[in-house]
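Reader: I would like to go through this model with you. Could we begin with the charged side chains and then move on to other topics?

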Amino acid sequence: MAEKRSQIRFILRNSLSELEKLGKELAGAAVKWQLPRRAVIEINLVLEELFTNTVSYGFDDDPKHKVSITMDHDIDSVRITMSDDGNQFDPTVPEDPALDRPLEERDIGGLGIFLVRQYVDDLTYKREGDRNIVMLTKKIA
Amino acid sequence: MNIDKRIERGVVILALDGRLDSNTAPLLEPEIDSVDAGDDGHHLLVDFNNVEYISSAGLRVVLKAVKGRQASAKSFAISSLQDHVREVFEISGFDAYITIYPDIARAIESIV
């Protein structure tokens with residue numbers, strides 16, 4: 001059984017300007033856990049898409065909310081929990097980003113969450129009281 | 001993200017340096033819009049040589065540029081995609097709509 005390494009936790013305010021902080025926290029995790037560069041890029045993408053969704057749709061412009069992120073590292077994977085008290089949003093519900101449609105029918109809807117699913121090995125969601133709790137696992141090569 | 005703009009043989013080249021994400025994509029959009037696509041305008045090439053990260057916000061700006069120039073006199077293309085960025089374009093199916101060149105030199109040769 002893999003031993004649990006130390007955990008990284010941080011909080012983001014509900015503002016897209018916090019993406020910079022997200023990048024910095026991930027860079028710190030990358031150094032601490034010696035994560036491959038490509039994995040860090042992909043984790044960054046996954047968290048950015050989830051966070052952007054939460055900020056854009058979750059809070060009705062109320063500036064007081066926060067998103068908390070917890071990261072754990074085992075030998076071959078990173079597990080991340082992202083939690084907020086915004087509107088209910090379940091990223092595991094499939095959306096169709098219309099991959100095969102012609103150009104005129106394409107827009108950006110559904111693409112962010114679609115990308116999330118391409119880059120995680122497991123994604124679960126639950127609603128606890130007034131909180132969205134998203135948990136994901138990414139295997140590190 | 002920095003955007004370096006220059007003109008080469010009638011092609012406006014926007015060379016990006018940095019991340020193309022939800023924060024920086026709004027910097028690129030007006031730069032693209034400012035390049036006239038009409039008969040007296042310019043072909044447009046966005047170069048990704050120094051971009052190692054793109055999110056759906058970046059894809060959105062590129063998609064908008066492709067759609068905007070579909071019926072115009074001047075073309076739109078991108079170049080120099082790095083591994084991860086190329087993969088995101090392919091996974092999302094955008095590589096079917098967008099002309100992608102391996103580098104600026106070959107892009108200019110083909111466009112002009």
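Reader: How many salt bridges are there over all chains?

Author: The structure is a predicted model. A search of the whole of it finds 17 salt bridges over all chains.

Reader: And how many of these are between chain A and chain B?

Author: The count between the two chains, A and B, is 2 salt bridges. One salt bridge pairs A:Arg38 with B:Glu87, at 2.9 Å from N to O. A:Arg38 belongs to helix α2 (residues 37-57) of chain A and B:Glu87 to helix α3 (residues 83-91) of chain B, so this pair joins two chains.

Reader: Which residues are linked with them in a network?

Author: A network of salt bridges links A:Arg38, A:Glu42, A:Lys138 and B:Glu87.

Reader: What about B:Lys64 and B:Asp33?

Author: Their side chains meet in a salt bridge, with 3.7 Å from N to O. B:Lys64 is in helix α2 (residues 56-68) of chain B and B:Asp33 in helix α1 (residues 25-33) of chain B, so the pair ties together parts that are 31 residues apart in sequence. B:Lys64 is partly exposed at 38%, whereas B:Asp33 counts as exposed at 52%.

Reader: Back to the two chains: what area is buried between them?

Author: About 2,100 Å² is buried between chain A and chain B, and carbon and sulfur atoms give 55% of this area. In terms of contacts, 28 residues of chain A meet 25 residues of chain B.

Reader: Changing topic, which residues line the second largest pocket?

Author: Both chains contribute: the lining consists of A:Leu19, A:Glu20, A:Gly23, A:Lys24, A:Asn44, B:Arg19, B:Asp21, B:Asn23 and B:Thr24. Helix α1 (residues 19-33) of chain A supplies the largest share, 4 residues. By type, the lining has 1 nonpolar, 4 polar and 4 charged residues. The space in this pocket is about 170 Å³.

Reader: Which residues is A:Ile80 in contact with, leaving aside its neighbours within four places in sequence?

Author: Those contacts are A:Ile43, A:Leu47, A:Ile69, A:Thr70, A:Met71, A:Val134, A:Met135 and A:Leu136. A:Val134 is 54 residues from A:Ile80 in sequence, and their C-alpha atoms are 8.1 Å apart.

Methods. Residues are numbered from 1 along each chain as its sequence is written. Chains are lettered from A and ligands numbered from 1 in the order in which they are written. This is a predicted model: local features need pLDDT of at least 70, side-chain atom pairs count only at pLDDT 80 or more; totals for chains, interfaces and linings use all residues. Side-chain values use heavy atoms; hydrogens and water are left out. On a 1 Å grid over the protein atoms alone, a cavity is a set of points where a 1.4 Å probe fits but cannot get out, and a pocket is an open set with protein on both sides within 12 Å along at least five of seven lines; lining residues have an atom within 4 Å of a point. Grid points are joined across faces, edges and corners, and a volume is the space filled by probe spheres set on the points. Ala, Val, Leu, Ile, Met, Phe, Trp, Tyr, Cys and Pro count as nonpolar, Asp, Glu, Lys and Arg as charged, and the others, Gly among them, as polar. Contact means heavy atoms within 4.5 Å. Buried area is the accessible area (1.4 Å probe) that two parts lose on being put together, summed over both. A salt bridge is a side-chain nitrogen of Lys or Arg within 4 Å of a carboxyl oxygen of Asp or Glu. Buried means under 20% relative accessible area, exposed over 50%, partly exposed in between (1.4 Å probe, protein chains only).
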